[in-house]
Structures are given as C-alpha cells and as structure tokens.
Amino acid sequence: MKLLNQTGDRWEYELQQKEAEVLKALLTNFPFTKLLPARMSKGNHDAESFDRENLLNISLTQHRGELKKAAEKLAKECLSEKAGIWALKLKPEYKEILLQILNDTRTGAWRELGEPEDIHQKPDSPAKLQLGTIMNLAGYFEEHLVSLGTKY
Amino acid sequence: MPTVLEPVTKPVLRKKPESDDDLAPTFYVICWNDPVNLMVYVTHVFMKIFGWNRQKAEKHMMEVHEKGKSVLTREGAEKAEFYVHQLHKYKLQATMEPAE
C-alpha cells in the first residue's frame, strides 16, 4: 500500500491486488464480532453514571450500524481497479470512518480473543487463528492509513 | 520606641460564583492503556478529537502507554460525556471520573 496522491482534501492510495482483496473482505464482512458493552466510568456507580453508560451504549450501537452502511459504501465507491491496478480514493470524512471500521474490527477481535496482554501469542485453535489474523490485517491498514499522507 | 508588629489575620474572601456553572461538578476524561490500540492511531485520534498538535497528542499517548492512563481534559459533565463518546467511537478505552 502506498500513497499515490494527496491533492487538496483527497487521498489516493495504490494497493496490490492481495491488499485490495483483503481490504474489501474486511469491509464487506464488517462487523466480524458482536458489540460488547462499553464502560463510562471505572469508579462512579451512581444513577447518573448508569444513565450515561446506557446512553453511551445506545449511541455506540447506532454508530456501528452507520459504520456497517459506510463499510458497504466504501467497498463499492472508494475501492476501484483499472488495468490491474487497485486504488483507494478517500475524502477526509471517509478516511476517519475507515479508521473507525478498521479499529472496531481490530479491537473487537482482540476482545473476542479474551483481551490477551500479549497480542502476538500463538493461537491454540483455528477460531483464534482467524480472529488473530483479522486483528493483524485491520492493524496493517490502520497503520498505513495513519502514517501515509497524514499532515501533522 | 519601636512599634510592635502584631500578626494581622486577613479575612479569607471567597470568590462569589459568577454563575451556577461554577458550582457544577467537573469530570476528568481519562484514556486507559490496552495492548491492542496502535500508538500512531492513538496519537491520530487525540489530534482529531481535541485538535491538539502532534507533540501534545504524543505526550498523552506516551503517558497512556507508560503509566497506564492519561488525564486528557477536565470538563463539565456534558462536554466530558461528549469526549468519552467520541473516544469510544474510535474504540479507545475512555472514562469520565468525578474531579475533586
């Protein structure tokens, strides 16, 4: 994956065929894992905090629905192939959405693996191998998207 | 004859609150460490959400990484809640804790 062009508010990346296939699979199969409840506070357990946590989880459920729709759109509209060369074209808002989709995938796989401290540990079952692979692939694209063409 | 200096006790003046907001509780927005979120990603998210420059975002990211957590900001309930929601949308582990 490499940055081809960054003109104005658009990014254009060139992808190898395998990268494009993997990214497309990550997008079209999103979400891979079920959404687990999020915590609003570690120490505060009063009624107000409980309400806030409820709202947070409702909001995150809605957000995941939006990410699923966006993932389908990204796979269809932003990923394209011309004469054997794959391109990923992103506007800023799509870049952030793509990062959120990828990190939802990465952290979701990690949580389903049992939140291991050592994320490089050898999987002891085919299911864990699959989750570990998904986690690493999502991380691969995240790292490239953030590192390539992000102005600081 | 020299005058004897006596200790003077000044009254402690309390600042009058300008509005009800001054009395409202405030919260720390805290980001917690985990082994899965990439360091470059965390820095990017802090910059996006808080509008920080890279140096400040990296400082907080390193604090999360090395100390297990970083207090990102102190805000009223509504704004703290907003930031926690934003951080969770990016799948960072964030909470709001009452500030003393």
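Two strands are said to pair if DSSP finds at least two bridges between them, and helices (H or I, at least four residues) and strands (E, at least two) are themselves DSSP runs, numbered from the N terminus. By that rule, strand β1 (residues 26-32) of chain B is joined to β3(B) by 5 bridges, and the two run antiparallel. The structure is a predicted model, in which local features need pLDDT of at least 70 and side-chain atom pairs count only at pLDDT 80 or more, while totals for chains, interfaces and linings use all residues. Residues are numbered from 1 along each chain as its sequence is written, and chains are lettered from A and ligands numbered from 1 in the order in which they are written.

**Chain B and its sheet**

- Chain B has 3 helices and 3 strands, and from the N terminus on these elements follow the order β-α-α-β-α-β.
- The strands of chain B form an open sheet of 3 strands in the order β2-β1-β3, with antiparallel pairing, and its edge strands, each pairing on one side only, are β2 (69-76) and β3 of chain B.
- From one strand to the next, the twist averages 30°, where axes are lines fitted to C-alpha atoms, for helices over the stretch in contact, and angles run from 0 to 180 degrees between N-to-C directions.
- Helix α2 (residues 54-67) of chain B lies across β1 and β2 of chain B, and runs at about 125° to β2(B).
- Of the 100 residues in chain B, 29% are buried, a residue being buried if 20 or more other C-beta atoms lie within 10 Å of its own, exposed if 12 or fewer, and partly exposed in between, with C-beta atoms placed from the backbone.

**Where chain B touches chain A**

- The contact takes 20 residues from chain B and 28 residues from chain A, and two residues are in contact if their C-beta atoms, placed from the backbone, lie within 7 Å.
- On the side of chain B that touches chain A, the elements giving two or more residues are α1 (39-50), α3 (77-89) and β3 (94-98) of chain B, and the largest share, 5 residues, comes from α3(B).
- That side of chain B divides into 9 nonpolar, 5 polar and 6 charged residues; here Ala, Val, Leu, Ile, Met, Phe, Trp, Tyr, Cys and Pro count as nonpolar, Asp, Glu, Lys and Arg as charged, and the others, Gly among them, as polar.

**Helix α2 of chain A**

- Helix α2 (residues 47-78) of chain A has 32 residues and reaches 44 Å from its first C-alpha to its last, close to the 46 Å expected at 1.5 Å a residue, the expected span being 1.5 Å times one less than the number of residues.
- The buried residues of α2(A), among them Arg52(A), Leu56(A) and Leu67(A), pack against α1 (17-28), β3 (79-82), β4 (85-90) and α3 (92-112) of chain A together with α3 of chain B.
- Asn54(A) also has its place in helix α2 of chain A, but Asn54(A) counts as exposed because it has 12 C-beta neighbours inside 10 Å.
- The axes of α2(A) and α3(A) come within 10 Å and cross at roughly 115°, and the contact is made by residues including Arg64(A) and Leu67(A) of α2(A) and Tyr94(A) and Ile97(A) of α3(A).
- By class, this contact of α2(A) with α3(A) has 9 nonpolar, 1 polar and 2 charged residues.
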